[in-house]
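Here are my notes on the model you asked me to look over. They are set out as numbered points, so that you can check each one against the structure.

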Amino acid sequence: MSQTIAKSNQTKRWQEMDAAHHLHPFTTHHQLAKTGARVITHAKGVYLYDSEGRKLIDGMAGLWCVQVGYGREELAEAGYKALKELPYYNAFFQTTNPYTAELSQKLSEVTPKGIDRFFFANSGSEGNDSAVKIIRYFWNLQKKPNKKIFIARKKAYHGVTIAAASLSGLTSMHPQADLPMPGFVHIDCPYWYGEGGDMSPDEFGLKTARALEEKILELGADNVAAFVAEPVQGAGGLIIPPATYWGEINRICKKYDILLHVDEVICGFGRTGNWFGSQTYGIEPDMINMAKGLSSGYQPIAAVGLGGRVGDVIFNSDEEWSHGFTYSGHPVACAVALANLEVMQKEHLVEKAGGSTGAYFQKKLAELGDHPLVGETRGVGLLGAIELVKNKATREKYPSELDVGYRCRVHCFDNGLVMRAIGDTMVLSPPLVISESEIDEIFYLARKCIDLIARDLGVL
Ligand code: PMP
């Protein structure tokens with residue numbers, strides 16, 4: 001790019017190239033082409049910078065993933081070293097490499113007790129598709145070939161590949177690709193604020209957990225393979241389960257011999273204040289899927305971790321396992337993930353998310369509860385949600401055509417804050433390295449932008 005081109009022209013050129021040739025995830029393309037995509041050129045710490053020199057504080061850690069913040073030399077060095085020494089080799093044909101072996105060992109130390117064997121993929125979606133195949137194979141090896149139905153939840157997000165999208169319960173994802181596939185069903189989720197009505201959170205937690213038991217009895221336990229769920233539902237609106245929920249789910253899965261596959265893609269690696277959401281909520285997974293924070297997003301990498309029950313059966317099978325990617329256990333991705341986990345351990349980032357940093361974040365989040373537009377704030381660790389409502393007493397939301405959440409997000413961008421809108425639920429998930437003064441900045445801007453949308457709506 002020529003240095004003589006003025007900055008705004010550079011931006012325009014990138015936007016034009018992008019509009020002409022780049023298809024974006026979850027985007028209405030002809031609309032984006034009119035406005036032009038925001039061009040993010042670099043990032044440092046918790047801040048993003050765009051091609052017009054504007055600075056934004058990233059309240060979402062990218063897509064819930066940049067645990068160690070941007071611009072970490074340790075990760076860049078680790079990637080560079082691996083790129084020089086072993087830029088690629090595969091894990092087929094009885095080979096491994098130091099990075100993949102060491103990352104596997106490290107994961108066995110930080111994942112919940114009993115999760116000891118890891119299969120590597122490149123994205124959370126691939127991880128879940130792999131998990132579906134592992135579960136099918138497990139029941140085939142167990143000589144229970146009828147146990148094939150997957151139960152997941154409404155508002156779940158498990159990714160976009162065919163099986164992952166079938167597991168997902170965000171119904172807008174289904175019609176374009178004729179999904180879900182047969183054999184994938186969805187039960188109610190524990191979204192107390194939106195759907196709990198007059199019940200207490202604890203009552204609602206039990207009710208929605210028992211929806212699993214009802215579904216198993218309806219389908220027949222002999223036909224059900226697994227229950228798949230996120231500890232806290234992320235992209236579905238940051239749905240934090242009531243305290244009664246997960247214990248009951250553990251009980252039901254055991255009683256009916258249903259595998260419990262926990263999708264830790266967002267909740268893993270410190271997000272909820274422990275290494276994994278399963279630890280925060282006392283979940284007893286048979287297997288987990290992880291991605292995002294595994295490499296802080298610096299490299300595409302995911303892993304499916306297997307507990308003894310499933311892992312031993314796959315491990316001891318006499319036939320070759322017919323699954324795996326060209327890039328499974330990619331040396332550069334593994335080297336960067338390893339460096340990321342070392343930084344997280346050295347800087348006690350998980351302990352901070354579950355301790356001082358998390359507590360400060362939750363205190364500031366709760367303070368927004370006094371705003372006339374805020375019906376509820378909820379959070380755990382370094383996750384936070386803010387429900388924008390018309391009526392605080394009845395929890396009534398604004399009509400969807402008013403696009404309140406989206407318009408609030410636009411105010412945020414315009415004022416230098418990245419805060420996500422899921423319907424009218426505003427969501428925060430900042431890097432784990434965030435300082436108290438940066439948390440102050442996020443909540444100062446969040447309140448300012450909620451004031452702005454309240455003014456637009458005539459509330460202030
Ligand atoms: N599972 C969960 C819980 C997720 O939040 C996501 C992504 N947001 C995925 C799976 C899919 O991951 P990816 O986009 O890397 O395929």
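This is a predicted model: local features need pLDDT of at least 70, side-chain atom pairs count only at pLDDT 80 or more; totals for chains, interfaces and linings use all residues.

1. Residues are numbered from 1 along each chain as its sequence is written.

2. The whole chain. The protein chain holds 17 helices and 15 strands, where helices (H or I, at least four residues) and strands (E, at least two) are DSSP runs numbered from the N terminus. Its radius of gyration is 22 Å, close to the 23 Å that the globule rule gives for 460 residues, so the chain is as compact as a globular protein of that length; the radius is taken over C-alpha atoms, and the rule is 2.2 Å times the number of residues to the power 0.38. Along the principal axes, the C-alpha trace spans about 65 × 60 × 45 Å.

3. Burial and contacts. Buried residues make up 48% of the 460 residues, a residue being buried if 20 or more other C-beta atoms lie within 10 Å of its own, exposed if 12 or fewer, and partly exposed in between, with C-beta atoms placed from the backbone. Among contacts between residues at least 6 apart in sequence, 72% join residues at least 24 apart; two residues are in contact if their C-beta atoms, placed from the backbone, lie within 7 Å.

4. Domains. The domain assignment gives domain 1 (38–68 + 351–456) and domain 2 (73–346), with bounds that come from an automatic or database domain assignment. The centres of the two domains, taken over C-alpha atoms, are separated by 26 Å, and 24 residues of domain 1 are in contact with 22 residues of domain 2. On the side of domain 1 that touches domain 2, the elements giving two or more residues are α3 (61–64), α14 (349–354), β11 (374–380), β12 (383–388) and β15 (425–428).

5. Helix α10. In α10 (residues 245–255) the buried residues are Tyr245, Trp246, Ile249, Ile252 and Cys253. They lie on the same side of the helix because they cover an arc of only 120° around the axis, the arc being that of the directions from the helix axis to the C-beta atoms. These buried residues pack against α9 (201–219), β7 (224–229), β8 (259–263) and α11 (277–281), while Lys254 and Lys255 are exposed on the other side.

6. Backbone details. Most residues other than glycine have a negative phi, and most peptide bonds are trans. The peptide bond from leucine 179 to proline 180 is cis, with omega near 0°, and proline 180 lies in the loop between α7 (162–167) and β6 (184–187). Aspartate 178, in the loop between α7 and β6, has a positive phi near 55° and is exposed, with 7 other C-beta atoms within 10 Å. Serine 296 has a positive phi of about 50°, but this residue is buried, with 29 other C-beta atoms within 10 Å.

7. The ligand. The ligand is surrounded by 15 residues, of which the closest are Ser123, Gly124, Ser125, Gly159 and Val265; a residue counts as near if its C-beta atom, placed from the backbone, lies within 6 Å of the molecule. Helix α6 (residues 124–141) gives the most to this shell, with three residues.
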